[in-house]
Amino acid sequence: MKTNTSLLIEHADLLVTMDAERREIRDGALVTDGPAIVWVGATADVPAGLRAAADQVIDARGRIVLPGFVNTHHHFYQTLTRVIPAAQDAVLFDWLKTLYPIWAELTPDAVFVSTQLALTELLLSGCTTSSDHHYLWPNGSRLDDQFAAAATIGVRFHGARGSMSLGESQGGLPPDRVTEDEAAILHDSRRVVETFHDPDRFAMRRVVLAPCSPFSVTPALMRESAALARSFGAQMNVHLHTHLAETQDEEAFCLARFGYRPGDYAEFLEWTGDDVWHAHCVHLNPREVAHFARTHTGVAHCPTSNMRLASGIAPVRAMRDAGVPVGLGVDGSASNDGSHLLNEVRQTLLLQRVMGNPRAMTAREALELATLGGAAVLGRDDIGALAPGMAADLVAFRLDTLWHAGGAVHDPVAALVFCQPQPVDWAIINGRRLVQDGAPLHVDIPHLVERHNRAAVALVQRAGAR
Ligand code: ZN
């Protein structure tokens with residue numbers, strides 16, 4: 001008896017494969033079997049045997065179908081603290097100092113509900129794999145809460161066990177009470193890798209080790225976290241992630257405290273290599289970019305957040321030209337108050353052009369960053385493209401809408417990026433249908449929003465009562 005569900009998706013106006021030839025197939029079709037794609041081509045060419053064996057047929061007329069997007073940087077818990085008035089108009093260090101005392105009141109329930117909310121928001125924006133960088137663990141909250149929440153939504157999840165150990169009393173930025181003891185951080189990091197990390201193809205759960213930033217952890221913790229991740233061996237593929245070169249304040253901090261620019265500091269710590277990706281990298285110089293390219297060190301580009309906090313414009317064109325792997329991230333919801341990954345694709349295109357070069361980023365390259373780019377940065381070769389043997393992670397957007405009228409008829413791929421970003425019509429992850437007719441099948445959104453809003457209000461009230 002057949003145990004895997006097989007889906008036949010046919011008659012897509014355009015199927016954007018992101019395969020080795022970057023094929024864009026008109027009247028496209030695709031067949032899945034369990035978690036994998038088994039066939040991609042034109043609807044007229046679907047083999048009769050596969051058609052006959054399909055359990056469900058999905059008519060994709062009027063839609064563009066793409067590989068699901070990959071989000072490479074976020075802080076899900078920050079959905080609870082969007083647009084906090086005192087942090088609306090601040091640069092990074094002031095913004096953090098305003099928010100740390102509120103985040104100190106996080107609870108396991110708040111972590112759980114914010115993870116559900118952010119993943120639902122991402123899913124509806126076309127994201128099928130997301131990492132999350134969570135770096136403060138007050139009141140008994142654990143990475144376990146995030147993995148439990150992610151399982152209820154069904155998005156492929158790379159949980160980054162973040163950490164902070166350099167408090168104010170030692171010259172760091174965060175208040176001491178949101179930092180952890182370094183031995184405890186390393187002990188818990190090992191525990192979560194051993195408990196949750198799945199190195200296999202089509203894995204739904206991976207763990208990343210992720211000390212927060214140069215101004216909130218010590219060099220010793222950076223080195224020991226890297227040594228721990230690498231001690232599991234190349235087959236386990238445990239990646240490393242942190243914030244780097246986000247602002248000029250951070251550059252000044254690194255020079256004053258460590259005697260290095262941020263990019264050189266990463267090299268000094270051996271935080272370069274194809275198992276490392278850094279968020280932001282707005283202030284890398286050409287020499288540092290060349291070093292990242294040589295070592296295949298990845299970057300999560302977060303354009304909206306960089307604009308929101310007035311951090312600057314990351315040299316994405318230069319990084320791509322040099323060969324640095326670049327993925328996209330929406331970043332935390334307190335510095336980009338939306339988790340809409342397709343919108344981040346659009347922001348990437350616009351921000352690279354703003355200094356005067358209209359060819360600095362095309363729609364197709366921006367989509368490549370969101371798919372293949374993100375997959376490479378997370379160390380995965382089973383997502384980011386639609387081809388036989390790849391994970392069945394795909395999304396469809398309607399093109400017959402008000403928002404795309406007069407555009408999709410000329411170039412559907414460009415219309416998706418240039419026109420006002422819309423939510424997906426449907427999404428499939430690991431061969432499972434999770435969104436249909438624009439609505440998630442397994443999430444009660446009004447109920448989720450109500451629980452989330454209650455948690456957000458309670459969080460700020462607890463902080464105010466201190
Ligand atoms: Zn961040």
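Helix 2 (residues 92-103) supplies 4 residues to the lining of the largest cavity, the largest share of that lining, where helices (H or I, at least four residues) and strands (E, at least two) are DSSP runs numbered from the N terminus. The structure is a predicted model, in which local features need pLDDT of at least 70 and side-chain atom pairs count only at pLDDT 80 or more, while totals for chains, interfaces and linings use all residues. Residues are numbered from 1 along each chain as its sequence is written, and side-chain values use heavy atoms, with hydrogens and water left out.

A search of the whole structure finds 1 cavity of 30 Å³ or more, and the space in the largest cavity comes to about 130 Å³. Its lining consists of 18 residues, of which L92, W95, L96, H243 and E246 are the closest to the centre. On a 1 Å grid over the protein atoms alone, a cavity is a set of points where a 1.4 Å probe fits but cannot get out, a pocket is an open set with protein on both sides within 12 Å along at least five of seven lines, and lining residues have an atom within 4 Å of a point. Grid points are joined across faces, edges and corners, and a volume is the space filled by probe spheres set on the points. By class, the cavity lining has 9 nonpolar, 7 polar and 2 charged residues, with Ala, Val, Leu, Ile, Met, Phe, Trp, Tyr, Cys and Pro counted as nonpolar, Asp, Glu, Lys and Arg as charged, and the others, Gly among them, as polar.

The largest pocket holds about 230 Å³ of space, and R82, L117, E121, V449 and H452 are the closest to its centre among the 15 residues that line it. Helix 3 and helix 15 (445-465) each supply at least two residues of this lining, and the largest share, 7 residues, comes from helix 15. The pocket lining divides into 8 nonpolar, 5 polar and 2 charged residues.

Helix 3 (residues 108-124) also packs with helix 4 (residues 143-153). The contact, meaning heavy atoms within 4.5 Å, includes V111, F112 and L119 of helix 3 and A148, A149 and I153 of helix 4, and its residues comprise 9 nonpolar, 5 polar and 1 charged.

Over the whole protein there are 15 helices and 17 strands, and the C-alpha trace spans about 70 × 45 × 45 Å along its principal axes.

Note on methods:
Axes are lines fitted to C-alpha atoms, for helices over the stretch in contact, and angles run from 0 to 180 degrees between N-to-C directions.
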